[in-house]
Amino acid sequence: MSEMDMSYVRTEMLPEQEPPRSQTGAAKWLRENLFSGWINTILTILSLAFIALVLHEFLPWIFDSTWNANSLSECREIAPGACWAVIKERWPQLLYGFYPEELRWRVNLSFVLMLVAIAPVLFTGVPRKLLWFTAAFPVLGYWLLWGGSLWGPLMALAGFGVGAGVYAAIRPVNNLAALIAGPLAVVIWWLAAAGPVAGLLAGGVPLMLEPVPSSKFGGFSLSIIIGVTGIAFSLPLGILLALGRQSNLFIVKAICVGFIEFIRGVPLITLLFVASVLLNYFLPPGTSFDIILRVVIMVTLFASAYMAEVVRGGLAALPRGQYEAADALGLDYWKAQRLIIMPQALKISIPNIVSTFIGLFKDTTLVSIIGLLDPLGLSTAIRADTNWNGIVWELYGFIALMFFIFCYSMSRYSQYLERKLQTGHR
């Protein structure tokens, strides 16, 4: 062989080269998602043309708008675009309704405390000790918003303690009797004892705030009160209904099935009419039952029936081996549900649970039909004013935007929770 190396094996590495621009970054995304074929390309071009047409008409209406005016006619004289002056003028009313201006600090404080109360429920990094404040917040929030004596809501909360005590006392003797006697004791306490005991304590130690009637509530604060309260109470009630529907006790199962099927077969607006009109006929004469509380109860019951079916779907999706594993560990029914079964069922049901919550929050707008001034009810009152008669897009567009922010936030939290609890392999 000559001294010349005739081998075909390369002895050194070639220097690295950057990938083609069409295979990286925005160019790759555009090629794969918008221009992957001739049909996709045509649809992309048509979509861009439609978006450009909409923006051409919509953006001038947004930017050529008026923020300072006293009426719709004055807005039209200043600029042809949107008349946001109505939002600027009526923003406090859209937020607080007719709540007394000098007392609105109580609404603000209650919403700040609400965020503190729900923080340990929504996020794991928050100290668990705040759960005690979470349990106490319904009493404090009610007292701040409605005022009056603090002993009234405290005695209402004490009713749950009475029911739990009766249940714990009877359960060792008869489980079915305990399940019936516990809730019955709560109702009897509320109807017969809570009022007199609260009046006796208020006479000795008056803890009072200036009362605010429900007719003064309105706007987004009313929607948040109904929505958040319904969400907070419908989930635990729905879990109990789902467990009751799967119970081996015939009476418990029959009651839960009957309740769920009846509520799911009746429109919410019918229940709201029952809460506003018919419920007073079933109460003792002279009984004063706040209209907002009646609506909250009906909304909670309505949402809990749907929540029960969502939770039942999560329970049905669990493999039978999870139940057998709980039995093998020697756990009783409630420990098995709390430690093994229910956490997995709720994890599976997160998307449907949040969808039910979002639907519940949007359904709060139905209260305008029974005379409560939620944002939609207030928009009708605002448009009845001669200064703003005829304004539509600005009011309804702003209300829709606010509801979108709330509902989209819940949707994003749902996705965050799913990622946080993800334990399977992809």
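Helices, taken as DSSP H or I runs of at least four residues, and strands, taken as E runs of at least two, are numbered here from the N terminus. With that convention, Leu-272 has its place in helix H11, residues 268-278.

Before I continue, a word on the model. It is a predicted model, in which local features need pLDDT of at least 70 and side-chain atom pairs count only at pLDDT 80 or more, while totals for chains, interfaces and linings use all residues. Residues are numbered from 1 along each chain as its sequence is written, and side-chain values use heavy atoms, with hydrogens and water left out.

Let me begin with the chain as a whole. It contains 17 helices and two strands. Its radius of gyration is 29 Å, well over the 22 Å given by the globule rule for 426 residues, so the chain is more spread out than a compact globule. The radius is taken over C-alpha atoms, and the rule is 2.2 Å times the number of residues to the power 0.38. Along the principal axes, the C-alpha atoms fill a box of roughly 115 × 80 × 40 Å.

Of the 426 residues, 36% count as buried, meaning under 20% relative accessible area with a 1.4 Å probe, protein chains only. The chain exposes about 25600 Å², and carbon and sulfur atoms supply 68% of that area; the accessible areas come from the Shrake-Rupley method with a 1.4 Å probe. Contact means heavy atoms within 4.5 Å. Among contacts in the chain with a separation of 6 or more, 67% are accounted for by residues 24 or more positions apart.

I turn now to the domains. The assignment, whose bounds come from an automatic or database source, gives domain 1 as 84-99 + 214-421 and domain 2 as 148-209. Their C-alpha centres lie 25 Å apart. The contact between them takes four residues from domain 1 and four residues from domain 2.

Which helices do the buried residues of H4 pack against? Helix H4 spans residues 85-96, and its buried residues are Ala-85, Val-86, Ile-87, Arg-90, Gln-93, Leu-94 and Tyr-96. They pack against H3 (72-78), H5 (104-122), H9 (219-245), H16 (375-384) and H17 (393-420). Just after H4, Gly-97 takes a positive phi of about 70 degrees.

Thr-66 lies in the loop between helix H2 (38-63) and H3. At a relative accessible area of 4%, Thr-66 is buried. Setting aside residues up to four places away in sequence, Thr-66 touches Cys-75, Ile-78, Ala-79, Ala-82, Cys-83, Trp-84 and Ala-85. Ala-85 is also one of the buried residues of H4.

Leu-145 lies in helix H6, residues 131-146, and counts as buried at 7% relative accessibility. Beyond its neighbours within four places in sequence, Leu-145 is in contact with residues including Tyr-99, Arg-106, Val-107 and Phe-217. Leu-145 and Pro-211 are 66 residues apart in sequence, yet their C-alpha atoms are 8.5 Å apart in space.

Finally, I return to Leu-272. Not counting residues up to four places away in sequence, Leu-272 touches Val-295, Val-299, Leu-366, Val-367 and Ile-370. The C-alpha atoms of Leu-272 and Ile-297, 25 residues apart along the chain, are separated by 9.6 Å.

Definitions and conventions
Buried means under 20% relative accessible area, exposed over 50%, partly exposed in between (1.4 Å probe, protein chains only).
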